[in-house]
Amino acid sequence: MKLGFLIIDMQPVHLQEAEKKIIDRACEYVNYVAGMLRSKDHVIIHIQDIEGMDESNREAFQTIPEIPIKENDLVVTKEYSNSFWNTELEGILREQDVELLIIAGNAAEHCVLFTYNGASERGFKPVILQNGIVSSHSEAITATYRDRNVISHPVISYMVKQ
């Protein structure tokens, strides 16, 4: 089974209100899972929300350095909360034969949740990476885990070894 990993909106402009310890924890899990998936040629896609970006603030819209973008990773830009809306994301995932879509990043109650729903509406099997999402509201993280399918890194490790 081909896995896809979406890393959503891990950009300084969108992380300003989140606690550093929550961001650091998410980065640790995201990087661990990304490395594991890259080693087995699964699809890693960095989603960047560019709404409001111009020449004067371009740097704030780049993915934070704590989440490295590797050579074979893909980058998709968006201007809406749902990463599928008016982007090439669905086409990329279908072209790559992705079935299970692991979702991580910022913000649990907005872009992560809307992208999860968008994936489900388009027939993908979405799951949220446990400890891999960020929000400036801790209760939003808890609610996202409670109300959606969640996957842990040991399960992903088991899946990619098969």
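Colleague: Which residues is Ile102 in contact with, leaving aside its neighbours within four places in sequence?

Modeller: This is a predicted model. In it, Ile102 touches Leu3, Gly4, Phe5 and Leu6, and also Leu37, Val127, Leu129, Ile151 and Ile156. Each of these has heavy atoms within 4.5 Å of Ile102.

Colleague: What is the place of Ile102 in the largest nonpolar core?

Modeller: That core has 49 residues, and Ile102 is among those that touch the most other members, together with Phe5, Met10, Leu37, Ile45 and Ile156. Two or more residues each come from strands E1 (2-8), E2 (43-49), E4 (98-106) and E5 (125-134), and from helices H2 (20-38), H3 (89-95), H4 (108-121) and H6 (153-161). The element that gives the most is H2, with 9 residues.

Colleague: Why do you say that the buried residues of H6 line one face of the helix?

Modeller: The buried residues in H6 are Ile156, Ser157 and Val160. Seen down the axis of H6, they fall within an arc of 105°, so they line one face. They pack against E1, H2, E4, E5 and strand E6 (150-151).

Colleague: Which strands make up the open sheet, and in what order?

Modeller: There are 6 strands, in the order E3-E2-E1-E4-E5-E6, with parallel pairing. Strand E3 (74-78) and E6 are called edge strands because each pairs on one side only.

Colleague: How do you know that E4 and E5 pair?

Modeller: Pairing requires at least two bridges, and E4 and E5 have 6, in the parallel sense. In E5, Ile128 is the bridge partner of Ile103, and Val134 is that of Asn106.

Colleague: What makes E5 mostly covered?

Modeller: Of its 10 residues, 8 are buried.

Colleague: Why is the contact of Arg38 and Asp73 called a salt bridge?

Modeller: Their side chains meet at 2.6 Å, N to O, and the cut-off is within 4 Å. The pair therefore qualifies as a salt bridge. Arg38 lies in helix H2 and Asp73 in the loop between E2 and E3, so the pair ties together parts that are 35 residues apart in sequence. Arg38, with a relative accessible area of 23%, is partly exposed, whereas Asp73 is buried at 9%. The model's count of salt bridges comes to 9.

Colleague: What makes Arg122 part of a network?

Modeller: Salt bridges link Arg122 with Glu90, Arg94 and Glu121 in a network. The side chains of Glu90 and Arg122 meet at 3.4 Å, N to O. Glu90 lies in helix H3 and Arg122 in the loop between H4 and E5, so this pair ties together parts that are 32 residues apart in sequence. For Arg122 and Glu121, the closest N and O atoms are 3.8 Å apart, which is still within 4 Å and therefore a salt bridge.

Colleague: Why does His42 count as buried?

Modeller: His42 has 15% relative accessibility, and buried means under 20%. His42 therefore counts as buried.

Colleague: Where is His42, and which residues is His42 in contact with, leaving aside its neighbours within four places in sequence?

Modeller: His42 lies in the loop between H2 and E2. The residues in contact with His42 are Met1, Lys2, Leu3, Leu37 and Val160. Lys2 is 40 residues from His42 in sequence, yet their C-alpha atoms are 6.2 Å apart.

Technical notes: Residues are numbered from 1 along each chain as its sequence is written. This is a predicted model: local features need pLDDT of at least 70, side-chain atom pairs count only at pLDDT 80 or more; totals for chains, interfaces and linings use all residues. Side-chain values use heavy atoms; hydrogens and water are left out. A nonpolar core is a set of buried Ala, Val, Leu, Ile, Met, Phe, Trp, Tyr and Cys residues joined through side-chain atoms within 4.5 Å. Buried means under 20% relative accessible area, exposed over 50%, partly exposed in between (1.4 Å probe, protein chains only). The arc is that of the directions from the helix axis to the C-beta atoms.
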